Amino acid sequence: MQNLSLPSGRSVRRLPALARLRGVAVAALSLSALAMTATSVHAEVAKVPAECSALQAKYPQFKGKTLVNAINPHTPGYETIDPNNPDKYIGFDIDLGETLGACLGFKVTYKAVTFAALLTTLESGQADIVISDIYATEERAKAADFITYSKVFDGVLVAKGNPKKITGINASMCGAIAAENTGYVEVPLIQALAPACKAAGKPEPEIQLYDNNQNCIQAILAGRADTYVNDVNTVDSAVKAYPDKLEKALAVSIPYSVGIAVPKGKTDFRDAVMAALVTLQKAGIHTELLKKHGMPVENLEAPRLLVAK
């Protein structure tokens with residue numbers, strides 16, 4: 001695994017090392033400086049179904065434990081710092097993780113890191129689980145086992161009026177500057193446009209790398225970047241926050257699912273989380289949490305495992 005030290009906002013035209021990024025690289029990004037363990041106030045956990053008692057009996061090794069969830073708390077709707085309480089995290093993923101914990105009998109605490117460090121934090125044993133709007137991919141499955149729970153739809157964020165007329169991850173991005181999070185799957189997708197842009201006699205897209213969603217959004221607001229492609233709910237939240245300055249060009253479906261990452265080799269924990277998630281979905285609790293946080297209920301996906309082949 002290669003560690004890259006990339007300052008926030010570094011502009012990159014050719015990123016050969018990032019072709020391997022798709023989720024696991026770049027533990028560097030100052031993990032020791034940027035990571036912090038939060039003793040946060042716990043979210044209000046939904047009442048768990050009676051079936052959870054049987055799961056606690058089947059997996060007693062997790063009951064009474066306190067497990068660490070590695071998160072990148074800069075994704076509105078999923079996980080952010082509570083503006084009314086800096087010691088508390090809020091969002092769909094926070095509620096989902098704590099409800100899964102309640103079902104299996106464990107409590108959750110948090111370790112906030114850069115997005116690119118999520119899986120390396122898990123691999124190093126500094127976290128027990130990752131529930132942080134992370135797309136499950138074959139490449140990422142080399143570092144962790146995934147339990148998927150949500151379909152993926154990306155939004156294309158642009159400045160108001162879409163001055164560059166960007167219509168997606170396609171030739172309309174030739175010559176444009178895209179702000180993206182280090183480690184995001186969109187990075188290699190944008191990189192892959194370079195040959196087509198060159199064949200058309202146009203400049204290839206330029207990529208600026210940041211540590212979190214808010215910095216990407218600020219890059220567009222400041223005029224440093226033309227677009228930001230990410231989860232459509234994140235994009236919609238940005239447009240809602242800055243309706244006079246930003247807009248969504250469109251939403252696109254990409255071939256991934258959002259997943260919960262657990263350490264490789266800990267199949268008992270993986271199976272327990274999978275069983276608890278299935279139980280919460282059958283009880284309608286997953287849908288309730290989506291509605292609570294303003295997420296489209298059609299995003300819900302029946303859980304499935306993604307492990308390295």
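This is a predicted model: local features need pLDDT of at least 70, side-chain atom pairs count only at pLDDT 80 or more; totals for chains, interfaces and linings use all residues.
Begin with the open sheet of 3 strands, whose order is β4-β5-β6 and whose pairing is antiparallel.

Select residues 74–75 and then 85–90. These are β4 and β6, the edge strands of the sheet, and each of them pairs on one side only.

Next, select residues 79–82, which form strand β5. Strand β5 is joined to β6 by 3 bridges, and the two run antiparallel. To see how the strands line up, show Thr80 and look across to β6: the residue opposite Thr80 is Ile90.

Now leave the sheet and go to the loop between β9 (145–159) and β10 (177–181).

Is Asn162 buried or exposed? With a relative accessibility of 11%, Asn162 counts as buried, because the cut-off for buried is under 20%.

Then select Lys165, found in the loop between β9 and β10. Lys165 is not a glycine, yet it has a positive phi of about 55 degrees. Is Lys165 buried or exposed? The relative accessible area of Lys165 is 56%, so Lys165 is exposed, the cut-off for exposed being over 50%.

To finish, display Asn162 and Lys165 together: Asn162 is buried, whereas Lys165 is exposed.

Technical notes
Residues are numbered from 1 along each chain as its sequence is written. Side-chain values use heavy atoms; hydrogens and water are left out. Two strands pair if DSSP finds at least two bridges between them. Helices (H or I, at least four residues) and strands (E, at least two) are DSSP runs, numbered from the N terminus. Buried means under 20% relative accessible area, exposed over 50%, partly exposed in between (1.4 Å probe, protein chains only).
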